[in-house]
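Q: I am new to this structure and would like to learn how to read it. Could you walk me through it, one feature at a time?

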Amino acid sequence: MSDRPQRTNTYTAEATSDRYRQCLFDWLAAQPSLWNQINYRRRQAYFSDDGDVWDAEYTDLYDEYAPIVGKATCQQIARKNSEAWRSYFQLLDQYHDESSPAVTENPSPPGYWGNRSDGYELHGLVRNDLYTFDWDEDKSTLEFGVGNVLEDRYNFEYQERITLEVRGNPQWNGDDSRLELIYDEHADQLRVQHPVRIQPDKRRKQRQDVFTHTLDTENTTQSAAIDVGANNTLAIVTESGDTAVYHARPEFDRFQSYSERIATLQSELPNDAYTSHRIKRLYDARSRSRDHSRDAAVKHAAEWLLKRNVDTVYVGDLVDVLDTHWSANVNEKTHNFWSHRQLLTRIRLTVGDVGIAVVEVSEADSSSECPECGGCDVTRRGDLFRCHDCALDGHSDVAGAWNILQQEVGSMARPAALSAERGRGAPREGAYWQWNEHDWIPADFGEQSRSLDQPSVSKPASSQPG
């Protein structure tokens, strides 16, 4: 069971009645306190001279909290705390391992879920066999039980359980794991994190199901390349010349808006303060917004690749070029906004889950050479790529992916949707995609196309990453 990959579906939810909402918050409010007390005892043992974190006793706390949240939930909180400590010790071992560069900063022991002065993080857990999802096209629901004290307080009938209306569709199918509910006070929103463990046969079936609807009637496989850019989340080119570009500028603008609000709040802090509960919430909201669009783009791209019978994907790795990049703005996008290494990990997991091999290759020079003639007299301005040797005009990230793929598989077809200027007869359907905060949809070629084509930099491409 533990060897099977785990993926997490994320939804938003809302109680179906005021009574359930009040009960839900009482249930949520008790769990941070239990976590904190368990964690406090383990930290005390850890920092003592002769203590062992695993010797800390905490089961006596169940007598206090089980009547409110249920004994099974108490056990899940203790188990999650144990997982946090095991993860800490693993990171600590990697940090002290001089032969491994994976962890470069000294990790910190597990922390607390808030406190009385700053407020608690409302975070609830439900064991995998104690909740029920009821999926329906019109109204999906989630049900789970609470402790008998709350049942009595809110006059629950026999076997009655809290019922939440769930919004969102599962991206992954598999066996249920522990459910987590997190309340975002800033957004006044309850998020449901639903991990599932995927069985290998289900992943194979998913790939077979997609192949039955493939665009390639001969069912021959091919390779593709992905250019991870600063202005576009992903640019993909296949051997047959199909392209897909996932536009990132609006989402980056939203990310910067969060950053500006954070900077303003930080400037208003007292001299002896470094952060606040509100700032932490904004950081969390910024990360969730970024991760949602990024993860959805990778999921969408995996399905797009499957439909084209792609069995190997070459992904550009910016490690060789980021440190010397001339543009602070592009580095901000790549390091902070898209978090390049996390994005590569997401590609490797998501694309790999559907049976496509992922190979990381260097992006060095992928945008400083012309993919058609190989010349180096090129200019890149925003999305625009121009070769002054052969007069090729193209999309800079598509050119980067084209270069990567040709370096790996040799000469190939010219990408069908190469132009960055969307009005020049470039194929539109399925080539350019934009994020509407929920899904990736075909790009709007009105206002959107003008903003996509607007040059943003004027430095020669020879010093830029792909």
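A: Gladly! Keep in mind that this is a predicted model. Let us start with helix 11, residues 396-409: its 14 residues reach 20 Å from the first C-alpha to the last, close to the 20 Å expected at 1.5 Å a residue.

Q: Which way do residues along a helix point?

A: An α-helix has 3.6 residues a turn, so residues three or four places apart point the same way. Here, eleven of the 14 residues of helix 11 are buried, so the helix is largely enclosed by the rest of the structure. Among the buried ones are Val 398, Trp 402, Ile 404 and Leu 405.

Q: How do I read a sheet?

A: Strands of a sheet pair through backbone hydrogen bonds, either parallel or antiparallel. In this model, an open sheet of three strands runs in the order 16-17-18 with antiparallel pairing. Strand 16 (378-381) and strand 18 (393-395) are at the edges with a single partner strand each, so one side of each has no neighbour in the sheet. From one strand to the next, the twist averages 20 degrees. Helix 11 packs on this sheet, touching strands 16, 17 and 18, and its direction makes about 85 degrees with that of strand 18.

Q: Which residue is the bridge partner of Val 378 in strand 17?

A: That partner is Cys 387. Strands 16 and 17 pair over four bridges.

Q: And what about a charged residue, such as Arg 191 in strand 10?

A: Arg 191 is buried yet has no salt bridge; Asp 184, the nearest side chain of opposite charge, is 4.8 Å away.

Technical notes:
Residues are numbered from 1 along each chain as its sequence is written. This is a predicted model: local features need pLDDT of at least 70, side-chain atom pairs count only at pLDDT 80 or more; totals for chains, interfaces and linings use all residues. Side-chain values use heavy atoms; hydrogens and water are left out. Helices (H or I, at least four residues) and strands (E, at least two) are DSSP runs, numbered from the N terminus. The expected span of a helix is 1.5 Å times one less than its number of residues. Buried means under 20% relative accessible area, exposed over 50%, partly exposed in between (1.4 Å probe, protein chains only). Lys and Arg count as positive and Asp and Glu as negative; His and the chain ends are not counted. A salt bridge is a side-chain nitrogen of Lys or Arg within 4 Å of a carboxyl oxygen of Asp or Glu. Two strands pair if DSSP finds at least two bridges between them. Axes are lines fitted to C-alpha atoms, for helices over the stretch in contact, and angles run from 0 to 180 degrees between N-to-C directions. Contact means heavy atoms within 4.5 Å.
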